[in-house]
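Keep the viewer open as you read and click along.

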Amino acid sequence: MCGIIGYSGSRNARTVVLDGLKTLEYRGYDSAGAAFSAEDITVFKTGGRVSDLEKITPNIVAHAGIGHTRWATHGAPSAKNAHPHLSFDGRFAVVHNGVITNCDELKLSLIRRGIRFVSDTDSEIIAHLLSLEYDGDMVSTIDKVSSLLRGATTFIALKKGDERVYMHRNGASLVVGKGDGECIVASDALAITPYTSDVAVLCDGETAIMNATDVKFFKNGKQLDKPFGKTDRTAPKDCSCHMRAEIDEIPSALLNAYAEISRSITPAVSDMVRNAKRTIFFGCGTAYHAGLYGKIIFERVGVPSNAVIASEIDDERFIDENCLCVFITQSGETADTLIALAECKARGARTLAITNVKESTVTFEADETVFIGAGAEIAVAATKSYVCQLLALYMLSQERTEKRMGKSEIQALANAAKVVSKENLYAPEYKDFNPFFIGKGIDNVTAKEGALKFKEITCKFADAYGAGELKHGSIALIDEKSVAYVVSTNEHDEERVRATVRELQSRGAYVFAVTNSNRLGANKTLMLPKIYDENLYPVLSVIPLQNLALTASLCLGLDPDKPRNLAKSVTVI
Ligand code: G6P
């Protein structure tokens, strides 16, 4: 979690750090801070957002700086707990992304050495340790400090009287960019590409020191020769609502995704899929729902499959060298997913990542990677990346068949998505009704994703139910204050879903249907355009549910891009 940034160069560090933090704010937004190094280190912090930080940061001139936008783990969101943290003697300032798991014991030993903590965070420990362990050489100092820390301990630091920026990666991403007379490091290349597209990605255990003209990389005290390459990650234009823009982009994102996924399905990836005796899909949140879709369509092409919430891997016993384990993660940085990946590798499985971010950790860890090419997604609630994940899974499943999706077919799907993206199930008269999302089989996946989207950005309770299962308990919740969003795209299930619609209506619920059949008898029906393969309906049917959640959130006066308590990239367990 959290976004961190560092800059050394000819521009004013204040502008680069604050602009970068605005770009990184999707990673956490409960408080923010920045530090600048001239002769002294000056620190500015707020318990608010980056826009508040901007207001309290004076127009100082400094050529080195670091910044942080936070998703609180240790200590409430407040100015006191915001990063950067200063060492007891003011010599070092640190921004940290991660959680120090041995923080209690380290804190106790530092308190015994006379250190007085000024925040409730674990991160402050790093600043004090840097100062206590400083031996005149920052590489060995950082190695010593990082050997004392356990957990996810990626950090960037400034040293008093020094315009260099120091960094160490362990467990959370760091990308460094080298421009003309300036270097910049950030959690995501998106904050770097306004200045340069030449980037290098740090791996776990690596330290780097950068100044305005150069970056030096080290591992275990030895200098590394790390190549810089071009990134194609670019920040989207500023807009008032990223989620709106990202849903509107779905048709073009699908076309880009088709090209990117086709390139990514190399002979090695194809072999992996064709040779798998069993597939297991791992993911968290929306990405887990994509995994549920993967399980269904892989089983439809004859591969026994399962979908597992990444943090629940411990209960998945049957992982071995015959398994293809697929890790779906938009950001490529989700800690729960990366831990599951490491576990599957240890058990001998083949591993395939599906991600949207080329520089992300998952691409280094998995045997092979398929990129979904959805373009940067900033809103916390995933929309365009979800449908592109579904497309990737669909195209991968086709490696088991003789069929391949062609250009005319993806164009037809994108056209259908354009039609559907104008549809919105929101109706103000039902805004205070209790929402139920219902579907059977593959449509149950869409119902689950619809309910998650609704919860995430409206902060209201919602859940998904199986059409046939509703009557076995949850129907007790239905009354005349209920509104049901029923998804039905599978002819085979139509009769059962029709029965469910009647059961709902008999108990007073108002029923909206998202369907390709006009025989469901719903109170209001949104007809999906016909497409060539019914396996692809989940790409379309989720869009009106995304629009529903978005409109409900906006009508409640909430910020759908930054929902309460959430962050887009969850790098802690
Ligand atoms: C967080 C976000 C969810 C997202 C999940 C997985 O929990 O709030 O919206 O679906 O992470 O993210 P990933 O980057 O792994 O797809």
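## A buried serine in a loop

Let's begin at Ser-119, which is buried, with a relative accessible area of 5%; buried means under 20% relative accessible area, exposed over 50%, and partly exposed in between, using a 1.4 Å probe and protein chains only. Ser-119 sits in the loop between helix H3 (103–112) and helix H4 (124–133). Helices (H or I, at least four residues) and strands (E, at least two) are DSSP runs, numbered from the N terminus.

The side chain of Ser-119 has a polar contact of 2.8 Å with the side chain of Thr-121 and another, of 2.7 Å, with that of Glu-124. A polar contact is a pair of N or O atoms within 3.5 Å; within protein, one must be able to donate a hydrogen and the other to accept it, and residues adjacent in sequence count only if both atoms are side-chain atoms.

## What kind of model this is

This is a predicted model, in which local features need pLDDT of at least 70 and side-chain atom pairs count only at pLDDT 80 or more, while totals for chains, interfaces and linings use all residues. Residues are numbered from 1 along each chain as its sequence is written, and side-chain values use heavy atoms, with hydrogens and water left out.

## Around the ligand

Which residues come nearest to the ligand? Of the 14 residues around it, they are Thr-329, Gln-330, Ser-331, Thr-334 and Glu-456, where near means that a heavy atom of the residue lies within 4 Å.

A polar side-chain atom of Thr-329 is 2.7 Å from an oxygen atom of the ligand. For Thr-334, the distance from a side-chain N or O atom to a ligand oxygen is 2.4 Å, and for Glu-456 it is 2.9 Å.

## The largest pocket

The largest pocket holds about 540 Å³ of space. Its lining has 25 residues, and Cys-284, Gly-285, Ala-567, Lys-568 and Val-570 are the closest to its centre. The elements giving two or more residues to this lining are helix H9 (286–300), strand S18 (323–329), helix H10 (335–346), H12 and helix H14 (442–458). By type, the lining divides into twelve nonpolar, ten polar and three charged residues.

A word on terms. On a 1 Å grid over the protein atoms alone, a cavity is a set of points where a 1.4 Å probe fits but cannot get out, and a pocket is an open set with protein on both sides within 12 Å along at least five of seven lines; lining residues have an atom within 4 Å of a point. Grid points are joined across faces, edges and corners, and a volume is the space filled by probe spheres set on the points. Ala, Val, Leu, Ile, Met, Phe, Trp, Tyr, Cys and Pro count as nonpolar, Asp, Glu, Lys and Arg as charged, and the others, Gly among them, as polar.

## Enclosed cavities

There are three cavities of 30 Å³ or more. The largest has about 100 Å³ of space, and among its 16 lining residues Cys-2, Trp-71, Thr-73, His-83 and Gly-98 lie nearest its centre. Strand S4 (64–70) and strand S6 (92–97) are the elements that give two or more residues to this lining. His-83 also takes part in a cis peptide bond to Pro-84, with omega near -5°.

The second largest cavity has about 80 Å³ and 14 lining residues, with Ser-187, Asp-188, Ser-331, Glu-333 and Val-357 nearest its centre. That lining divides into four nonpolar, five polar and five charged residues. Asp-188 is 184 residues from Ile-4 in sequence, yet the two are 8.6 Å apart in space, C-alpha to C-alpha. Ile-4 belongs to strand S1 (residues 3–9) and is buried, at 0% relative accessible area.

Helix H12 (residues 384–397) is largely enclosed by the rest of the structure, because 14 of its 14 residues are buried. H16 is largely enclosed too, with 17 of its 19 residues buried. After H16 comes Gly-557, whose phi is positive, near 75°.

Cys-459 has a positive phi of about 60° although it is not a glycine, and at 32% relative accessibility Cys-459 is partly exposed. Asn-565, also not a glycine, has a positive phi of about 70°; Asn-565 lies in the segment after H16 and is exposed, at 60%.
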